[in-house]
Amino acid sequence: TCSRPFAEPPWCLGSETRRHAQLLLGLRREMRERDVADTSSWEPWQHDYRFGVVLVMPPPHVASPIDALRQAYDQKSHAICSAHISVSDPLRRQMSDDAQKEIQELLRTVEPFEVHYDRPTASARRPGVAYPVSPQERFDELKCVIHQASVFEGFAYSRREIPAHMTIAEF
């Protein structure tokens, strides 16, 4: 059970979630060629994500109510991606088959853990609202493991200090 009085029931970041992350890597790779062909309608921040990003996709029973809030309060973000927890910087080079296998192998080294999320909270860094997730230490570990992949080699890990969270809306 969760230690916080208003926390939602936990969900497990284990083999099923790793499978979702692996599928997302494959999906992003398949989308890459089509989506990057014409970036004229992209906002400046989207260009950083042209090669993809590694995300944890929560299970449907968690994502569904969060997606409903995202659709109501931030339709633009909701249209780009459903509820998620970012666990990497944007990829800095194209995802190859070898790089995808490397990340999948790295993901297999992460021990499963329960994920808890609390009441929506206003961000102190940016105008927006998000669900904080915990345990932060395990997400920090996951981020460090993923950033060992060669696709990140030679680039600063610029989003290290951003706590893991599920964004509802950015204003």
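Reader: What do buried, exposed and partly exposed mean here?
Author: Buried is under 20% relative accessible area, exposed is over 50%, and partly exposed lies in between, using a 1.4 Å probe and protein chains only. By that rule, buried residues make up 42% of the 171 residues in the protein.

Reader: Where do the model and the numbering come from?
Author: This is a predicted model, where local features need pLDDT of at least 70, side-chain atom pairs count only at pLDDT 80 or more, and totals for chains, interfaces and linings use all residues. Residues are numbered from 1 along each chain as its sequence is written, and side-chain values use heavy atoms, with hydrogens and water left out.

Reader: How many helices and strands?
Author: Five helices and seven strands. Helices are DSSP runs of H or I with at least four residues, strands are E runs of at least two, and both are numbered from the N terminus.

Reader: What order do the elements run in?
Author: From the N terminus, β-α-β-α-α-β-α-β-β-β-α-β.

Reader: And the contacts: what share join residues at least 24 apart?
Author: 78%, among contacts between residues at least 6 apart in sequence. A contact means heavy atoms within 4.5 Å.

Reader: On to the core. Which residues touch the most other members?
Author: Ile85, Val87, Val133, Phe139, Leu142 and Met166, in the largest nonpolar core of 32 residues. Helices α2 (60–73), α4 and α5 each supply at least two residues of this core, and so do strands β4 (113–117), β6 (128–134) and β7 (165–170). A nonpolar core is a set of buried Ala, Val, Leu, Ile, Met, Phe, Trp, Tyr and Cys residues joined through side-chain atoms within 4.5 Å.

Reader: What does Met166 touch?
Author: Leaving out residues up to four places away in sequence, the contacts of Met166 include Pro58, Val62, Ile66, His84 and Ile85. Tyr117, Ala130, Tyr131 and Val133 are also among them.

Reader: How many aromatic pairs does the count give?
Author: Three. Rings of Phe, Tyr and Trp (its six-membered ring) pair if their centres lie within 6.5 Å; planes under 30 degrees apart are stacked, over 60 edge-to-face, and the rest tilted. One of the pairs is Trp45 with Tyr49, edge-to-face, at 5.9 Å centre to centre and 75 degrees between the planes. Tyr117 and Tyr131 also form an edge-to-face pair, at 5.4 Å and 85 degrees. That pair links distant parts of the chain, with Tyr117 in strand β4 and Tyr131 in strand β6, 14 residues apart.

Reader: Switching to charges. How many salt bridges?
Author: Four in the whole structure. The rule is a side-chain nitrogen of Lys or Arg within 4 Å of a carboxyl oxygen of Asp or Glu. In one of them, Glu43 and Lys76 have their closest N and O atoms 2.0 Å apart.

Reader: Why does that pair tie parts together?
Author: Glu43 lies in the loop between α1 (15–36) and β2 (55–56), and Lys76 in helix α3 (residues 75–80), so the pair ties together parts that are 33 residues apart in sequence. Lys76 is exposed at 54%, while Glu43 is partly exposed at 27%.

Reader: What about Glu105?
Author: Glu105 forms a salt bridge with Arg108, with 2.7 Å between the closest N and O atoms. Both sit in helix α4 (residues 97–108), three residues apart, about one helical turn.
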